[in-house]
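Here is a briefing on a single protein chain.

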Amino acid sequence: MNLQNIKKLPNYVRSFGVFHGLRLLYLIEQSLSKKSDVIKKYFVPGYSKPVHLRKTISDHSIFWQCIVQRQYDFSRFSQSNQLMNTYHEMVKQGITPLIIDCGGNIGLSSLYFANLFPEAKIYVVEPDEDNFKMIKRNTVSFSDRIIPLKGGVWNKSGWLKIINPESGSAAFRVDFVDENSGNAIRAYTIEDICTLACVHSPLIVKIDIEGAQISLFKEHIEWVSRSHLIMLELDDWLMPWKGTSRPFFRAMNQYPFDYLISGETIFCFRDFSEENT
């Protein structure tokens, strides 16, 4: 076990206990490559079915972030109480809560949400074909609640193409194209996905789309006012002076949100109570 793995040990133990933490650390944090067709399955405490990972740096990094570090855990924030109350009230009223996972990668964030919100329906959007296959493999046991969509999210419906296919599975970026040239993928708006789900107001919209938020929040942002929690990974560090976050903050500033930052993610909790005062 090298020094880097030893540094990760406390996180594994904190998440899974001593035995399973050591087991998973030993099995998962091995010699990896940028690309591999080898897929292995791992039994993870808290998950009823095994998690599938390719033997790549990208997949194991996603596991580290989503499952070990729990990057989408918002329970530490006091605003989470209102969100969970909203979730339970929806269920009580017979409303299916909707979670939209934009940039699903291999589906681990959707698995995390499925465990946390057992009555929610999750639409997960991913542009890359190989990643999409991994999503379907990882979420097959939730086929009634996790719906994978091959494509990307944008501010209008249409077609997209991946513009950096050489970048690696965790960094694909897309751009809008006028027509389907044969290798294009669907561009979904948040409204499109709400319509597919037959839901008016998303409970959570999680966004990790490698800078495409500059277009997503540019126009047609009515859905922002109806979302209870928006999670976004900011990409200004990756694309300096491109202004990828500016449309996001302009859009969000129109409505009462509380903003909290944890790791790479900004959590934006909508304050619906202000409208009733």
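The notes below start with the basis of the model and then go topic by topic.

This is a predicted model, in which local features need pLDDT of at least 70, side-chain atom pairs count only at pLDDT 80 or more, and totals for chains, interfaces and linings use all residues. Residues are numbered from 1 along each chain as its sequence is written, and side-chain values use heavy atoms, leaving out hydrogens and water.

**Nonpolar cores**
- A nonpolar core is a set of buried Ala, Val, Leu, Ile, Met, Phe, Trp, Tyr and Cys residues joined through side-chain atoms within 4.5 Å.
- Buried means under 20% relative accessible area, exposed over 50%, and partly exposed in between (1.4 Å probe, protein chains only).
- The largest nonpolar core has 43 residues; Tyr12, Val44, Phe63, Phe74, Leu108, Phe117 and Ile204 touch the most other members.
- Helix H2 (residues 57-68) gives this core its largest share, six residues. Helices (H or I, at least four residues) and strands (E, at least two) are DSSP runs, numbered from the N terminus.
- Another core, of 35 residues, lies apart from it and includes Leu98, Phe248, Ala251 and Cys268.
- Not counting residues up to four places away in sequence, Phe74 has contacts (heavy atoms within 4.5 Å) with residues including Leu83, Met84, Phe117, Ile204 and Phe269.

**Aromatic pairs**
- Rings of Phe, Tyr and Trp (its six-membered ring) pair if their centres lie within 6.5 Å; planes under 30 degrees apart are stacked, over 60 edge-to-face, the rest tilted.
- The count by this rule is 14 aromatic pairs.
- Tyr12 and Phe16 have ring centres 6.1 Å apart and planes at 55°, so they are tilted. Both are buried.
- Phe217 and Phe248 pair edge-to-face, at 5.2 Å between centres and 80° between planes. This pair links distant parts of the chain, 31 residues apart: Phe217 in the loop between H7 and S10, Phe248 in helix H8 (residues 246-252).
- Phe74, Phe77, Tyr87, Phe117, Phe267 and Phe269 make up one aromatic cluster.

**Charges over rings**
- A charge sits over a ring if NZ of Lys or CZ of Arg is within 6 Å of the ring centre and within 35 degrees of the ring normal.
- Lys156 lies over the face of Phe176, 4.5 Å from the ring centre.
- Arg270 has its charged end over the ring of Phe257, 6.0 Å from the centre.

**Positive phi**
- Asn105 is not a glycine, yet its phi is about 55°. Asn105 is buried, at 8% relative accessible area.
- His220 also has a positive phi, near 55°. His220 is partly exposed, at 46%.
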